[in-house]
Amino acid sequence: MMPLIKGLRVLNLLSVSLFLICCYHMLANTQKVPPGGDNIRNGGALTLVPQDPTDDADVTVENSEEIDEDVPSMGVFYPTKEWKTVKKGQAIPAGLHVRMNLETGGREAKLMEGDSENKYRKSGNKGGRVNPSQKSLTPQQLKEALKEFKTTKLDDQDNEVRKKEVFKSFRKYDELKKELADMNSEIKTDAEIVTQMFHRLNSTDLDGTQKKHLLEDLEYYLHQIDNANVFCNLGGMTLLMKGLNDSLALTREQSAFVIGSAVQSNPAAQIKALEAGILPQLIRLLSTEPEARVLPRLLYALSSLIRHFPYAQKHLLDLGGLAALKSMIPNNKDLPNLQVKVVTLLQDLIVEKDITLSIENKNKEKVQQYEMVHLRDAIREQGLCVWLPRLLEATDHDSREKVLQAMLTLTDTCREDISLALPTLKKLLQEYTHLAAGETDQDDQYFSGIVQYITQIISSSQRDSKDEL
């Protein structure tokens, strides 16, 4: 009985061994590596790309395998119709049969059915499918070929043809104007419009309403610097000065408005206006203008003309311009904002001069011109300082803030008059301290800023008083 059992065990063992050997040979002969499978194991970029037999494109490299930088390059793998071992580090072109040899542990590849070995060429460290009929060039050969490239007469002819086609698509401005004129429509540039308005303003057949509309349109266009320069070069400032002398208050007002818009931040227009004699005309009207509605426009024109123009500022002082500005303050109580604008203008001119003189890389010529403008002395001599404390009686916060800024700038110039205003300043300090206490961190700290102005003025005035004692 025991020998029989031992025999059965040996038989079973032999059967299992034969089965395993058969499985091994089947796997060795038929196993193919699935796309991406060897990637996971060996870190390669092994792919199987279907090949279009009719593909005859120019030189291309598709999904070629990059050689691992850590492995010495073994060159590009050139496939054949038989299975061929792929060495470690070799780049495998796309479109091949690829398998894993379980006996050696290496990869093998061969051509797909119907492929030719001539379809595979080397390109640097990459391999891929190429068009064998396409001549390949190295980078150096391309450079040499480009050096020898010359434009032929045929190229010149092609360019001329192209130019004619472009000219057919795009027409000249004069042609468009003529065509639109035939359609009772017309397009004009800004310069043409400004020129037309200049000639219209220079005519004598305009009534008050027509002149009003014309000046309104002109003011709109002259905000643009190029348009203003065109108008000035035509002699437009002379026409606007005639408007300042017009019998109609509305014409005087609008003429001043146009002047201010034309010369604002425009040095060329400022010079033209000064040469036309507009500055003395504005100074005279500031003192004699009977209509209060015209005064703000006159001040706007004067302010635009002299800002950042020290030569004009000196002429303002020489022609008695400060006296004209001073006359506007007590005689126009119905225009409190106008009084504040006068003070703000004087403060701005002083700050403008101080900033210019403090710049490191100074314009010597401009510095010399500013040094000839003794505005602080003129303000003190004309008695303009006395009006600063009185303007603190304004009820709106914006006017008070501007007056306080002017007082802070003119502390040294108007020391005595500001000292007399200390009771008013202390009263305002209490008022604005209370308002500032209600401000939160999210607010713009407007009232807190006013408190700082008042505190600085009071501190400076008290210090000056102690120094005098």
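## Basis of the description

Helices (H or I, at least four residues) and strands (E, at least two) are DSSP runs, numbered from the N terminus. The expected span of a helix is 1.5 Å times one less than its number of residues.

The model is predicted: local features need pLDDT of at least 70 and side-chain atom pairs count only at pLDDT 80 or more, while totals for chains, interfaces and linings use all residues. Residues are numbered from 1 along each chain as its sequence is written, and side-chain values use heavy atoms, with hydrogens and water left out.

## Helix α6

Helix α6 comprises twelve residues, 190-201, and should therefore span 16 Å at 1.5 Å a residue; its end C-alpha atoms are 16 Å apart, in agreement.

Ile 193, Val 194, Met 197, Phe 198 and Leu 201 of α6 are buried, that is, under 20% relative accessible area with a 1.4 Å probe and protein chains only (exposed is over 50%, partly exposed in between). Because they cover an arc of only 140° around the axis, they lie on the same side of α6; the arc is that of the directions from the helix axis to the C-beta atoms. The buried residues of α6 pack against α7 (208-221), α8 (225-233) and α9 (236-244), where contact means heavy atoms within 4.5 Å.

## The disulfide

One disulfide is found in a search of the whole structure, the term denoting a pair of cysteine sulfur atoms within 2.5 Å. Cys 385 and Cys 414 form a disulfide, with an S to S distance of 1.9 Å. The torsion about their S-S bond is about -60°, so the disulfide is left-handed. Cys 385 lies in the loop between α18 (375-381) and α19 (387-391), and Cys 414 in the loop between α20 (397-409) and α21 (415-420), so the pair ties together parts 29 residues apart in sequence.

Cys 385 is buried at 4% relative accessible area, and Cys 414 is buried at 2%.
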